[in-house]
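Please open the structure in the viewer and keep the selection tool at hand. The tour moves from one selection to the next and states what is to be found at each stop.

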Amino acid sequence: MQDILQIAKEKLVKLDMLEVKQWFELVENTDASEATVTAVVEQISQHIMHVTLPVATHRLYRCRPINEGDALPNQLSGVLTPPVEKTKQGRCNLAGKPVLYVSDNPDILIQECHINAGQQFVITQFNRLPVVHKDVSCFLLGIEPRILLGDTAEVKQMEEFRVEALGNGYNNLRDIERLLHQSFIRDDDPSGLAYMFTANFCDHVFSGNKNLDAIFYPSIATNASGSNYAIRPGIIDKAFEPVKFGSFVFNHDGIVEQTDGATLGNNGAIEWGQDDLIDDPIPAGIRKIDPDDPDIYIAPWKGPSKR
């Protein structure tokens, strides 16, 4: 471990930050090729330290837009990770490499999924399992730990460790993280440029760390008023379970109306015609209070839940 930190320190100290800024300028060029973006991702990845935390929320939500004339999904598989052949490039995934996109707040999903007035969509609600032995591990991308978690003792301890381990290289690391943050929160444009960089970066992060479960990033569409997760396929069920489904319509007057409800039946069947409404989110925690009380905040550094 000490050798790895020493190598990281030496790389960061030797960095020419003007050159680093040029890397980011390259991927912001509308003429940037896939090869250029991939090369820049490789360079950046050699000089950053991943900040990884477990998921810290009681509920997660996923949105599936329904095209006109299509029936509501009647199987759980129809609202989870899309099949490989239908997976387009997204903010955190390359084409043909699906991830499960979820949010900690259902209200932001209309903007995130670009729901149009008059369009129908389905929200899936995932609740935290009664017993969780190991939380979903998340890499923070485009999120400052101090902004997310506050100036807590745990965050201070983490930063003190990085300062001590990296010495003069720490400031260069922070500059890279700021540049990465700025690139990540860019709105996408018709060229798909922002997605090209972030999709390749996330794919590199996932490929290089098989123990990483998810990318945790701010909601760009709502100016970071909520958080999103790009989770590896099949991983969410180690800490969450789908419990409710709601069919909604985004009316032309801007009002969202739930038109039907469903629960999960046998063999993954979604059984519509239920009265259940999608539940409101419970916020994620930022301080160490009782993590076993579902009516208060969950601290992201807590141990296994036994509530």
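**First stop: H2 and H3.** Select helix H2 (residues 17-27) and helix H3 (residues 34-45), whose axes come within 9 Å and cross at roughly 150°. Axes here are lines fitted to C-alpha atoms, for helices over the stretch in contact, and angles run from 0 to 180 degrees between N-to-C directions. The crossing angle therefore makes H2 roughly antiparallel to H3; angles under 35 degrees count as roughly parallel, over 145 as roughly antiparallel, 65 to 115 as roughly perpendicular and the rest as oblique. Helices (H or I, at least four residues) and strands (E, at least two) are DSSP runs, numbered from the N terminus.

The crossing of H2 and H3 is left-handed, a term used if the near helix is turned anticlockwise from the far one by less than a right angle, with right-handed used if it is turned clockwise. Now display the side chains: Trp-23, Phe-24, Leu-26 and Val-27 of H2 meet Thr-36, Val-37, Val-40, Gln-43 and Ile-44 of H3. Contact means heavy atoms within 4.5 Å. By class, the contact of H2 with H3 has 7 nonpolar, 2 polar and no charged residues. Ala, Val, Leu, Ile, Met, Phe, Trp, Tyr, Cys and Pro count as nonpolar, Asp, Glu, Lys and Arg as charged, and the others, Gly among them, as polar.

The model is predicted: local features need pLDDT of at least 70, side-chain atom pairs count only at pLDDT 80 or more, and totals for chains, interfaces and linings use all residues. Residues are numbered from 1 along each chain as its sequence is written, and side-chain values use heavy atoms, with hydrogens and water left out.

**Second stop: H2 and H7.** The crossing of H2 and H7 is right-handed. In this contact, H2 contributes Met-17, Val-20, Lys-21 and Phe-24, while H7 contributes Asn-172, Asp-175, Ile-176, Leu-179, Leu-180 and Ser-183. By class, the contact of H2 with H7 has 6 nonpolar, 2 polar and 2 charged residues.

Select Gln-119, in the loop between helix H4 (109-112) and strand S4 (120-128). Is Gln-119 buried or exposed? Gln-119 counts as buried because its relative accessibility is 18%; buried means under 20% relative accessible area, exposed over 50%, and partly exposed in between (1.4 Å probe, protein chains only). Leaving aside neighbours within four places in sequence, the contacts of Gln-119 include His-114 and Phe-248. His-114 also lies in the loop between H4 and S4, but counts as exposed at 59% relative accessibility. His-114 has a positive phi of about 55° although it is not a glycine.

Select Asn-267 in the loop between strand S9 (256-264) and strand S10 (270-274). Asn-267 is exposed, with a relative accessible area of 77%, and has a positive phi of about 55° although it is not a glycine.

**Last stop: the whole chain.** Colour the protein chain by pLDDT, the predictor's confidence in each residue, from 0 to 100. The average is 82, and 82% of the residues score at least 70. Over residues 294-307, pLDDT stays under 50.
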